[in-house]
Amino acid sequence: MRVIVESSPEQVARTAATFVASLVRRKPACVLGLATGSTPLGLYKELIRLHREEGLNFSQVTSFNLDEYVGLEPSHPQSYRYFMQTNFFQHINIDARNTHVPDGRALDFEAHAEQYERRIKEAGGIDLQVLGIGSDGHIAFNEPGSSLGSRTRLKTLTSETVRDNARFFEHIDEVPRLALTMGVGTILESRRCLLLACGKHKAEAIRATVEGPVTAQVTASALQLHRDVVAVIDDDAAGNLYRRDYYREVEQAQQALQAGKIKFGG
Ligand code: F6R
């Protein structure tokens, strides 16, 4: 796993945006996997800026979101469809027909989940999956104990996640207890994963993800099995990493290599 430690959440957003933007420029009809929550907001702002100021073109991009609360209408202010519309899609030139968010009102969740997986495959698979991380180490809504081979399905949220997400609702009782979520197995099939984390409250989950054992108790740790994961995190989220200095050295060596400062041969 490549670990990039940045000095601030703003810098995390800018660095993350360079990964997304370079993919969109290189492959205009790429497939993006997207996340909601507080963490990717800065990334979406930066991508909107790149669209407005530098003409970053999303017209051929297809997107698939990780998850959606069960029971919320797409127009509900706390639904993830609404979040994506208001924080990203309506500010860029993505074709609304190419944006996918699981439908929390599906009557047959199993059939809907299968169809979601099928649509991802038909689109050619996800090129880059943006991920946040829960304080319990979840990715998407794959709570502790989720199978590391899991696919899109219904999942019950832990009380920790319900508490964490209550800040978006007027009362904790309004937080849905169920969500439709891509599985860990679905996420691991993405060609690249871009994991973002900011703040001290994520430090333990990040340590367990990057340096702990691979375990279903911390579903993000399954990313260690993926060949192309870039974790962009801020200093606070990196606070518990034992090998933090080494990750910096790796990035410095990488930059020196790119700048042609490392000479080969005589
Ligand atoms: C959201 C999602 C979740 C969040 C995680 C962190 O689509 O999949 O896994 O990424 O709960 O949320 P924030 O960023 O609000 O701390």
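Where is the place of A140? A140 lies in the loop between β6 (128-131) and β7. The points below begin with the basis of the model and return to this residue.

1. The structure is a predicted model, in which local features need pLDDT of at least 70, side-chain atom pairs count only at pLDDT 80 or more, and totals for chains, interfaces and linings use all residues. Residues are numbered from 1 along each chain as its sequence is written, and side-chain values use heavy atoms, with hydrogens and water left out. Helices (H or I, at least four residues) and strands (E, at least two) are DSSP runs, numbered from the N terminus.

2. A140 has a positive phi of about 50° although it is not a glycine. A140 is also buried, since its relative accessible area is 8%. Buried means under 20% relative accessible area, exposed over 50%, and partly exposed in between, with a 1.4 Å probe and protein chains only.

3. An open sheet is formed by three strands in the order β4-β8-β7, with antiparallel pairing. Because β4 (67-69) and β7 (153-156) stand at the edges with a single partner strand each, one side of each is left without a neighbour in the sheet. From one strand to the next the twist averages 30°; axes are lines fitted to C-alpha atoms, for helices over the stretch in contact, and angles run from 0 to 180 degrees between N-to-C directions.

4. Within this sheet, β7 and β8 (residues 178-181) pair in the antiparallel sense over four bridges. Two strands count as paired if DSSP finds at least two bridges between them. L154 has L180 in β8 as its bridge partner.

5. Strand β1 (residues 2-6) is largely enclosed by the rest of the structure, because four of its five residues are buried. β1 and β10 (residues 229-234) run parallel and are joined by five bridges. In this pairing, E6 stands opposite D234 in β10.

6. The 15 residues of α8 (244-258) should span 21 Å at 1.5 Å a residue, and the end C-alpha atoms of α8 are 21 Å apart, which agrees. The expected span of a helix is 1.5 Å times one less than its number of residues. After α8 comes G260, whose phi is positive, near 75°.

7. F264 is found in the segment after α8. F264 is exposed, with a relative accessible area of 67%.
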